[in-house]
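Please keep the structure in view as you go through the points.

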Amino acid sequence: MTPKEVIFTAFDFHKPPRIPVALFGGGMFTMYNTGNSFKSLAEDAKGMADMIISFSKRSFSDIVYVGSGYNNFHASALGGKIRYREIGAPDLEEPLVNTESDLDKLDLERLKDNATVSAIWEATEMVSRAIGDEFVVTATAWGPFTLGAQMFGVEKMMRGTFKSPELAKKIVDFAANLNIEFYSHLADKGIIKMICLADPTASGDLISRKQFENFALPYLQKVTSWAKIKGVKVLVHICGDTSDRLDLFPKMGADCISLDHKVDIARAKSELLGKICFAGNVNPVSVLNNGTPSEVEEMTRRCIETAGLEGGFVLMPGCDIPPTVPIKNVETFVNIAREWKLN
């Protein structure tokens with residue numbers, strides 16, 4: 001089986017020949033290890049694609065992500081300004097939306113006029129043509145609640161779920177439409193077979209289960225419903241401790257939920273196995289970044305033995321990995337899965 005077939009076999013709750021394995025995102029890690037920067041490649045589709053294609057041969061992730069770290073450009077395309085950082089992904093300088101009238105002025109058509117978004121689309125097509133038959137090639141985006149919070153301001157969104165819930169919902173709904181607009185360009189042309197949403201602001205560390213049900217879940221469902229119509233898979237990652245809402249994840253309509261290292265993977269398996277493919281969740285900092293290769297091996301094997309022997313599971317870090325993770329640790333992490341035979 002190709003890496004793509006291995007991943008999609010797990011998504012369908014079956015047991016592939018080996019453990020599926022992938023990083024999540026990895027934009028900062030890739031930039032750091034190739035000597036590039038988000039600013040230098042922001043409008044360079046070929047440079048972006050060449051970097052990803054070349055580096056994919058070193059990381060051996062079954063999933064290859066394009067545009068990781070550029071997620072704030074989807075909102076900035078509608079009128080926001082980007083602030084580049086010396087280390088780390090670019091940020092929005094300030095929120096786009098303060099009132100409902102601000103929201104009404106935003107035009108999704110502006111997305112296609114943004115040079116960075118266009119570069120990501122073009123780079124995704126280049127990467128897909130080069131290695132898409134073998135690997136799952138996807139582009140990354142914030143999930144609707146996180147994207148909406150970036151547009152409104154995270155603190156204002158937290159308050160808004162209590163003080164102005166209808167406005168908060170309209171913003172998140174608009175963000176879901178922005179997700180769909182971004183991915184339509186790729187899905188309609190058959191460039192991607194999976195979309196990837198990171199929704200860290202929907203974390204159990206930031207919002208309650210009830211807030212998740214009211215302000216995040218319906219809009220994830222809107223995007224996944226669109227994806228099903230288009231025939232593309234959906235991978236969702238949510239940061240933090242989401243143990244109190246594991247039972248809600250199958251309702252998202254996603255094909256796979258990537259879990260943070262704060263979630264007990266044994267508990268996740270007991271609640272999710274056979275309902276939704278689940279991924280995770282080796283600690284990206286204390287293990288992958290700070291650990292020795294032998295410690296990485298020990299924790300990776302423990303994760304697989306706990307959660308991954310019955311299919312419907314993808315080995316992943318518990319979140320995006322820091323740029324400083326040693327290459328040797330990534331190789332150890334990946335090779336254990338690739339050598340672990342299931343059939």
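1. In the second largest pocket, the biggest contribution to the lining is the three residues of α2; α2 and α3 (38-41) each supply at least two. Helices (H or I, at least four residues) and strands (E, at least two) are DSSP runs, numbered from the N terminus. The pocket holds about 210 Å³, and among its 14 lining residues Asn 36, Phe 38, Glu 86, Ile 87 and Gly 88 are closest to the centre.

2. A word on the basis: this is a predicted model, where local features need pLDDT of at least 70, side-chain atom pairs count only at pLDDT 80 or more, and totals for chains, interfaces and linings use all residues. Residues are numbered from 1 along each chain as its sequence is written, and side-chain values use heavy atoms, without hydrogens and water.

3. On a 1 Å grid over the protein atoms alone, a cavity is a set of points where a 1.4 Å probe fits but cannot get out, and a pocket is an open set with protein on both sides within 12 Å along at least five of seven lines; lining residues have an atom within 4 Å of a point. Grid points are joined across faces, edges and corners, and a volume is the space filled by probe spheres set on the points.

4. The largest pocket has about 420 Å³ of space. Met 28, Asn 71, Ala 89, Trp 142 and Asp 320 lie nearest its centre, out of 24 lining residues. β4 gives the most, with three residues.

5. There is one cavity of 30 Å³ or more.
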